[in-house]
Amino acid sequence: MVTRLKTALVALLLAAGTAHAADDTFKIGLILPMTGPFASTGRQVDGGVKLWMQQHGDMVAGKKIQVILKDDGGTPDQTRRIAQELIVNDKVNLLAGFGLTPLAMATAPIATQAKIPELVMAAATSAITEQSPYVIRAGFTLPQVATPLADWAPKNGIRKVVTLVTDYGPGIDAEKAFSSRFTANGGTIVESIRVPLKNPDFAPFLQKVADSKPDAVFVFVPSGVGSVFMKQFTERGLDKSGIKLIGTGDVVDDDILNDMGDVALGVVTSFHYSAAHPSPENKAYVEGFKKLNGMRPNFHSLGGYDGMRMVYKALEATKGNAEGEALVAAMKGQSFESPRGPVTIDPATRDPIQNVYIRKVEKVNGELYSVEFATIPMFKDPAHK
Ligand code: PHB
């Protein structure tokens with residue numbers, strides 16, 4: 001009874017919350033894991049947000065943009081509580097960030113109730129955008145980036161694969177997308193291994209991979225976890241076993257890639273962004289990001305940077321109308337040239353359509369980078385019906 005009353009009260013406050021936002025400011029509640037095991041995601045997204053604002057100022061369509069950054073530590077209960085406080089107390093016009101799938105999922109009902117956009121900058125499970133018409137995504141989805149690799153692999157001598165993924169939304173998306181396309185292309189999945197999200201120990205799973213003797217192991221681990229994975233991959237001697245390592249680009253995340261050492265050389269992944277993407281826009285982006293934030297940008301940083309671009313362009317289009325529905329409508333269908341390449345926000349799914357690149361880790365000027373060697377242009381998430 002008490003819980004039900006509390007829920008009703010929160011719903012009432014949420015619905016009322018947006019009505020009183022000051023007219024001359026536009027407030028963005030930016031919720032990110034700034035501490036805990038996924039703090040690198042928070043740092044990267046926030047770095048992208050800061051770079052966009054450094055380059056484009058804080059006035060759009062007569063509104064002063066104010067970003068309120070809050071740390072959820074990567075815990076869904078915290079994300080939910082912070083989202084409610086930001087709406088009710090701070091009267092934010094838009095919620096952004098969301099470093100992991102469960103955090104984005106937990107907030108979707110709140111966005112619906114409050115009628116304000118939930119701009120997902122990092123989390124990448126396909127189904128997130130289906131949780132609320134107010135959810136819109138700036139980053140990518142796992143089926144989008146995993147599928148093209150399942151076309152590349154069989155053409156390059158890979159016929160038997162073991163999949164090894166982190167056991168939650170994006171990992172399951174990656175496993176399903178890769179496996180279904182790979183088998184449709186005549187390949188065989190020897191084994192599908194799922195590893196816990198919390199405190200992962202890959203050693204026993206890697207032993208299973210070694211015993212199965214596949215041509216390759218396909219890997220998804222969330223951004224940041226690649227270092228531990230690579231260390232255990234080497235310790236188990238898999239780097240010398242002849243079993244190739246392939247995966248989505250998360251495992252060789254630009255934030256940690258250069259510290260992995262030569263074991264990462266030759267790893268082939270598919271992804272929507274590499275810091276080595278050869279375009280003038282990206283060269284300027286990487287330089288600006290390093291100067292401002294003191295680190296190499298990874299793919300999550302683009303979610304922050306292009307997410308802010310989406311908000312700025314939307315506010316310009318609505319001439320400062322900050323209503324949630326109008327903003328989401330103005331973000332749908334946007335097309336722009338990002339440091340990652342061309343991007344269009346699919347008006348039907350509210351997900352980015354973008355190039356997916358096949359890349360190989362190489363040494364460039366003494367540093368490790370994922371160097372792109374093939375492009376699948378403007379590829380759409382095939383998991384959306
Ligand atoms: C997610 O939780 O959705 C997620 C996190 C990190 C990634 C990809 C997906 O690298």
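**A salt-bridge network and an enclosed ligand**

The side chains of E367 and R296 meet in a salt bridge, with N and O 3.1 Å apart; the term stands for a side-chain nitrogen of Lys or Arg within 4 Å of a carboxyl oxygen of Asp or Glu. This pair links distant parts of the chain, since E367 belongs to strand β15 (residues 367-379) and R296 to the loop between α9 and α10, 71 residues apart. Helices (H or I, at least four residues) and strands (E, at least two) are DSSP runs, numbered from the N terminus.

Before we go on, please keep in mind that this is a predicted model, in which local features need pLDDT of at least 70, side-chain atom pairs count only at pLDDT 80 or more, and totals for chains, interfaces and linings use all residues. Residues are numbered from 1 along each chain as its sequence is written, and side-chain values use heavy atoms, with hydrogens and water left out.

How exposed are the two partners? E367 counts as partly exposed because its relative accessibility is 30%, while R296 counts as buried because its value is 9%. Here buried means under 20% relative accessible area, exposed over 50%, and partly exposed in between (1.4 Å probe, protein chains only).

R296 has another partner to show you: R296 also forms a salt bridge with D254, where the closest N and O atoms are 2.8 Å apart. D254 sits in the loop between β10 (244-248) and β11 (268-271) and R296 in the loop between α9 (280-293) and α10 (299-317), so the pair ties together parts that are 42 residues apart in sequence. Both R296 and D254 are buried. Through shared partners, salt bridges join D254, R296 and E367 into one network.

The structure holds 18 salt bridges, including one between the side chains of D77 and R80 (3.1 Å, N to O). D77 and R80 both lie in helix α3 (residues 76-88), 3 residues apart, or about one turn of the helix. D77 counts as exposed because its relative accessibility is 53%, and R80 as partly exposed because its value is 34%.

Now to the ligand. It is surrounded by 14 residues, the closest being T101, A124, Y168, S223 and D250; a residue counts if one of its heavy atoms lies within 4 Å. A polar side-chain atom of T101 lies 2.5 Å from a ligand oxygen atom, and an N or O atom in the side chain of D250 is 2.5 Å from an oxygen atom of the ligand. On its own the ligand has 280 Å² of accessible area, and the protein covers 100% of that (Shrake-Rupley method, 1.4 Å probe).

Conventions. A polar contact is a pair of N or O atoms within 3.5 Å; within protein, one must be able to donate a hydrogen and the other to accept it, and residues adjacent in sequence count only if both atoms are side-chain atoms.
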